Amino acid sequence: MAEAVLVDLFGLKLNSQKNYQQTLLKALNAVRYHHAASAKFFCIMCCGNINSEKDDKCGNCELETNNGLSFLLREFETFSNSSIVATLYTIKQKIDEKNLSRIKVIVPVYRKTLMKAFIDQLFTDVYSFEFEDLQMTLWGGLWKQSDEINMITAQELEEIQNEIKTYLRSLPPLKGELTIITSPLIPDIFIHGFTTRAGGISYLPTLSSLNLFSSSKRRDPKPVVQENLRRLASAAGFNAEKFYRIKTDHANDVWIMGRREPESYDGITTNQRGVTIAALGADCIPMVFADPVKKACGVAHAGWKGTLLGVAMATVNAMIAEYGCSLEDIIVVLGPSVGPCCFTLPRESAKAFHNLDPKCVRLFDSPDPYIDIRKATRVLLERGGILPQNIQDQNQDLDLCTSCYPNKFFSHVRDGLSFGTQIGFISVRE
């Protein structure tokens, strides 16, 4: 059953009949009655240039009300924006505020395909949609006649995507200005940094605002994440069209760019100029690697499993094997991650960290000891031959616990499954 009901009244000629209010009242009352048991949110989209016809202006979109219609419309929130993107995005915000996901869209049949195209771009698989044809006979002669659109061409889809991009670019940044944390160890021949959560447009509390990962399990759609990435690229000075993220598996596989790409990998290396690579993080450690001598770089994502599996040294070894890097030239910077103050594991899993170095574990005799994955990563890197002075895991806000600083960082430990994602990124300057 639908939790939210959207009635699309675009194209309604409100003054075309003397009895339009009675017809509208009857139709809306039927919608309200039919969905009263399950729906928590009713809304009307009464104006929007959904046909993307630049010369097609909206008519009078104000719903003149009295008596029964005025009372009924209190049950419906009315959205009247200048574009379909603005209208649907505002409606999405309302739906997200109420944490709803099952949506019924009542739409004229000639607009259904186009509405679906916009919805596919602005919503993720978290939501389920059911479409119902708005019965023209029920709504009398209040509608403009238009040809039914049965499919969207590739060009029309591109126009829709560009319209969405333009709208999202117009939105102001949330949670302050975009901030990038950098390391003084990495020379200027590289562009690098670690993001915080400020300066993007994602509005959900746990994703706000510079969320840099979209999935079927999150409410942030790809166009929003792409806009966040565009803003980051503009601030950092890299090309967002040459940007590659790891495909996390919490293991130790590394993709050497130029070779066949694995299905999943927690490390990437490259020596291609102008190509930016990135490791995700939201408690796990995003790491960047740089060799200024061979002008090669890498990234790695290390959760507790990847740490024990040696993903950091796997990335180092890939740089040595592929680009002829030397251990003494490789610089490694650990981005913000969860600290030993907030991260625990069952004692059985904690034993491996204790065996690595007892300093990696606090309260080892407890059922759920506290684990220092940053300390463990340094131990493994130093044992692998990376010079201690070439490893940065403190200062410049790099050692702040992601769980302890909700205003700065996203955190899975703190926020649960709806967490956002920050990244560590690096590229060789062109």
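Predicted model: local features only at pLDDT ≥ 70, side-chain atom pairs only at ≥ 80, totals over all residues.
**Entry 1: helix α10**

I began with α10, which covers residues 373-384. The helix has 12 residues. I checked its span from first C-alpha to last: 16 Å, close to the 16 Å expected at 1.5 Å a residue.

Next I looked at both ends. At the start, a side-chain oxygen of D372 comes to within 3.2 Å of the backbone nitrogen of R374. After the helix comes G385, and its phi is positive, near 115°.

Which residues of α10 are buried? I listed I373, R374, A376, T377, R378, V379 and L381. I kept the helix repeat in mind: at 3.6 residues a turn, residues three or four places apart point the same way.

**Entry 2: aromatic pairs**

I then turned to the rings. The structure holds 10 aromatic pairs. I looked up two of them.

Why does the pair of F129 and F131 count as stacked? The ring centres are 6.3 Å apart and the planes meet at 25°, which is under the 30 degrees cut-off, so F129 and F131 are stacked. F129 is partly exposed, at 26% relative accessible area. F131 is also partly exposed, at 21%.

The second pair is Y244 with W255, and I noted it as edge-to-face. Here the centres lie 6.1 Å apart, with 75° between the planes. This pair links distant parts of the chain. Y244 is in strand β8 (residues 243-245), W255 is in strand β9 (residues 254-256), and the two are 11 residues apart.

W255 is buried, at 7%.

I also traced a cluster: ring pairs link F123, Y127, F129 and F131.

**Entry 3: charges over rings**

I checked F123 again, this time for a charge. The charged end of K92 sits over the F123 ring, 5.9 Å from its centre. F123 also belongs to the cluster above.

Elsewhere, R347 lies over the face of F364. I noted 4.3 Å from R347 to the ring centre.

**Entry 4: the largest pocket**

Last, I looked up the largest pocket. Its volume is about 1100 Å³. The lining has 38 residues.

Which of them are closest to the pocket centre? I wrote down F213, R218, H412, F419 and T421.

Then I sorted the lining by element. β8, β11 (276-281), α7 (304-309) and α11 (412-415) each supply at least two residues. Strand β8 was already in my notes, as the strand that holds Y244.

How values were computed:
Residues numbered from 1 in each chain as written. Heavy atoms only, no water. Helix = DSSP H or I, 4+ residues; strand = E, 2+ residues; numbered from the N terminus. Expected span 1.5 Å × (residues − 1). Buried < 20%, exposed > 50% of the residue type's maximum accessible area, 1.4 Å probe, protein only. Polar contact = N/O pair within 3.5 Å; in protein donor to acceptor, adjacent residues only side chain to side chain. Phe/Tyr/Trp six-rings, centres within 6.5 Å; stacked < 30°, edge-to-face > 60°. Lys NZ or Arg CZ within 6 Å of the ring centre and 35° of its normal. 1 Å grid on protein atoms, 1.4 Å probe; cavity = no way out; pocket = protein on both sides within 12 Å on 5 of 7 lines; lining within 4 Å. Points joined across faces, edges and corners; volume = space filled by probe spheres on them.
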